[in-house]
Amino acid sequence: MYVILVYDCGEKRVGKMLKLCRKYLNWIQNSVFEGEISEVKLKELTLKAEKIMNSDEDSLIVFSSRQEKWLDKQIFGKEWSSVDNFL
């Protein structure tokens, strides 16, 4: 399945969430990730994320689709690539 994942975490947890999400998905912008992932891997990711999160303060949102082709995506301004994230 194709997912877009967005998180909002407290300053102390944001680095851990970034590191976790980068193991599973492509980092496209600050706290936004996208990519193909199996249901099992997505469940693994969300369970690990819930351990990092403070459920009273943080949020994690996952948008999913069967395939990327079923998603219309428009980008305005600079499009970030995985390479840009390492520069």
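Let me begin with a question: is Asp-58 buried or exposed? Asp-58 is buried, at 8% relative accessibility; buried here means under 20% relative accessible area, exposed over 50%, and partly exposed in between, with a 1.4 Å probe and protein chains only.

Some notes on the source. This is a predicted model, in which local features need pLDDT of at least 70 and side-chain atom pairs count only at pLDDT 80 or more, while totals for chains, interfaces and linings use all residues. Residues are numbered from 1 along each chain as its sequence is written, and side-chain values use heavy atoms, leaving out hydrogens and water.

Now the overall layout. The protein chain has two helices and four strands, taken as DSSP runs (helices H or I, at least four residues; strands E, at least two) and numbered from the N terminus. Along the sequence, the pattern reads β-α-β-β-α-β. Of the 87 residues in the protein chain, 30% are buried. Among contacts with a separation of 6 or more, 69% are between residues 24 or more positions apart; a contact is heavy atoms within 4.5 Å. The accessible surface is about 6,500 Å², and carbon and sulfur atoms hold 51% of that. The areas come from the Shrake-Rupley method with a 1.4 Å probe, and for residues only the protein chains shown count as cover.

On to the salt bridges. The search of the whole structure finds four, a salt bridge being a side-chain nitrogen of Lys or Arg within 4 Å of a carboxyl oxygen of Asp or Glu.

Asp-58 pairs with Arg-13, and their closest N and O atoms are 2.6 Å apart. Asp-58 sits in the loop between α2 (39–52) and β4 (59–65) and Arg-13 in helix α1 (residues 11–24), so this pair ties together parts 45 residues apart in sequence. Arg-13 is buried as well, with a relative accessible area of 17%.

Next, helix α2. Lys-41 and Glu-44 form a salt bridge at 3.8 Å, N to O. Both lie in helix α2, three residues apart, about one turn of the helix. Lys-41 is partly exposed at 39%, and Glu-44 is partly exposed at 28%.

Glu-44 also meets Lys-48 in a salt bridge, again 3.8 Å from N to O. Lys-48 and Glu-44 are four residues apart in helix α2, so about one helical turn separates them. Lys-48 is partly exposed, at 40%. Elsewhere, salt bridges with shared partners join Arg-13, Glu-57 and Asp-58 into one network.

That is what I have.
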